[in-house]
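Here's a quick rundown of the charged side chains in this one. Have a look at the model, then we'll go through the pairs and the patch.

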Amino acid sequence: MRSAIATVLAAVFVASAARAQEDPWGDNARQPETAGKSEPTPEAAGESAQKAEDLSDDDPDAQAEVEKSAAELEAVRKAEEKAGLVPQAPGAGPRDGISVGLDPTDPIARDLSTALGPGLDGAPLADPAPAGSVAAKLPELLGISEEELRAKYDIPVELNDAVVAYIRFFQTDAREHFSKWLSRSTRYIPMMRKVLEREGLPLDTVYLAMIESGFSAYAYSFAKAAGPWQFVVGTSRRYGLLTDFWVDERRDPYKSTIAASKYLKELKARFHGDWYLAWAGYNAGEGKISRAIRKEKTTDFWRMMGRGRTLRAETKHYVPKLIAAALIAKHPERFGFHVDYDQPRDFEEVRVPDATDLHVAAKAAGITFEELRDLNPELRRFCTPPGGYTLRLPVGKRETFLAEYEKLDAKDRLSFTEHRVEKGEPLGKIARAYGVTEAAILRTNGIRSYRQIKPGRMLVIPMAGASRGMLAGSQLEDRHARGRAQARVATAADTAPAAKRLSGTLYTVKPGDTLWTIAAKFSTTVDKLRKLNGLSGRRARALQVGQTIAVRET
């Protein structure tokens, strides 16, 4: 009996030891990740529809920047494929022609396939990329010892074949793009380092943003990641970044740096201070790295890179790519780069009380539209969002803007309303009701096809008082409709019978009016209107035509 008990205890001990070896950091104790997808609930379906609307195209000016930056990222990715640093599509690799003419069942074909092995991403292997386990030397760094080199960085730096491969890649195939990245780096690095320091992260973590986006605020990848730190919408919302019809805060260099800092701190804690694994987790997701640790039975990133097939090639090369970028960025002349650096994007902020056309705002500040857009890349539309927005201006332009903005009538800033599409309601009918063209509505809402206009969708309608719509404002709108849509201020004497309990300047609600448009007409804010009229909840959202409200106190 004792021997049987001893045998059972020994088996339990061995199993525990095996589990500890397979899961060195106890990740098995975490909740398992759901592999499948459950049937969507109505609430989830509604949220998906909202997300789809949030990710619709921006207005033409912003969309042009997005497409330009997306093309740059795609060009770099294609160059990596060509250089054999990431797997190529089937048929594109240099070895793929070897088996031409061989039947798949031919023993020679099978032997050849076994010898070459499967690709890391299911594609045939290109020429093997350098491993990260072999130390290397660079003639560009002669005279600097490894210890001196590491002392120049506050992130871990290794010099091996994989790192050298990416240094050579940046010097050759990607030279044009990397030169642009170096030039843009000084736009944001001073600000980013301040945020990183405040969050307790290594300052050289900024070079992660370099390989993610090339320091482009408008960067957008095929995986639908956006901004300098390349967040997808789901992850960005976890860290407080808003993406909706009006703004995409993933593109805000300051806000996204704060979000990236929080995410990286969590990754570092999860992987017990190992920055290589934290960076890999930033690329692939923390769950993928934890699975790789369990499967490969190691927490050494370089061993994981050289021996395992759990991680995709992109993730395996992410760390050496980051180190290579950091090495060149701090010693550009040694690596043959002569850089014309951009000026830092210093700014000051001003609160805009309601929706304002960006062209009008730029004119008020005495700057170009492009300068204003460059400082506010999160804006997706031609105007600031309704309800107030903190706008960024070049240093020294705040007072000029405030003085000129005060001189503007509400109709010169912007005027629009919202309309929820009803079943069987064609766009032409909506356009006629508001006195604008169908094209104006389509372009204002970033809609490319009539099929996207479905019941329940909220449309933003450029109104008659607007100085500029998405298609040049007044040219798009029916002059007669514009005349009918002009608001008239009703005096207290005119409206007293309908509003005995109200005082001050009164206004009678017209078709198409919302609190936003009324606030804009009278140079006030939605909050002030709500307080003045005791409006809250549904009452604030359900204004009735003919209703009288106070717009100014006596």
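R77 forms a salt bridge with E81, and their closest N and O atoms sit 2.9 Å apart. A salt bridge here is a side-chain nitrogen of Lys or Arg within 4 Å of a carboxyl oxygen of Asp or Glu; by that rule the count comes to 24 salt bridges.

Before going further: this is a predicted model, where local features need pLDDT of at least 70 and side-chain atom pairs count only at pLDDT 80 or more, while totals for chains, interfaces and linings use all residues. Residues are numbered from 1 along each chain as its sequence is written, and side-chain values use heavy atoms, with hydrogens and water left out.

**The pair in helix α3**
- R77 and E81 are 4 residues apart in helix α3, so about one helical turn separates them. (Helices are DSSP runs of H or I with at least four residues, strands are runs of E with at least two, and both are numbered from the N terminus.)
- R77 counts as partly exposed at 26% relative accessibility, whereas E81 counts as buried at 16%. (Buried means under 20% relative accessible area, exposed over 50%, and partly exposed in between, using a 1.4 Å probe and protein chains only.)

**A pair that spans the chain**
- K255 forms a salt bridge with E378, with 3.1 Å between the closest N and O atoms.
- This pair links distant parts of the chain, 123 residues apart: K255 is in helix α10 (residues 253-270), and E378 is in the loop between α17 and β2 (389-394).
- E378 is buried, with a relative accessible area of 2%, while K255 is partly exposed at 27%.

**Another pair, and a network**
- E399 forms a salt bridge with R398, the closest N and O atoms being 3.3 Å apart.
- E399 counts as exposed at 55% relative accessibility, and R398 as partly exposed at 30%.

**The negative patch**
- D61, E65, E370 and E371 form a negative surface patch. (Patch residues have over 30% relative accessible area and no salt bridge, and like charges are joined within 9 Å; Asp and Glu count as negative, with the charge placed at CG of Asp or CD of Glu.)
- Helices α3 (60-82) and α17 (369-375) each supply at least two residues of this patch.
- E65 lies in helix α3 and is partly exposed, with a relative accessible area of 32%.

Notes. Patches are made of residues with over 30% relative accessible area and no salt bridge: like charges are joined within 9 Å, nonpolar side chains (Val, Leu, Ile, Met, Phe, Trp, Tyr) within 5 Å. Accessible areas come from the Shrake-Rupley method with a 1.4 Å probe; for residues, only the protein chains shown count as cover.
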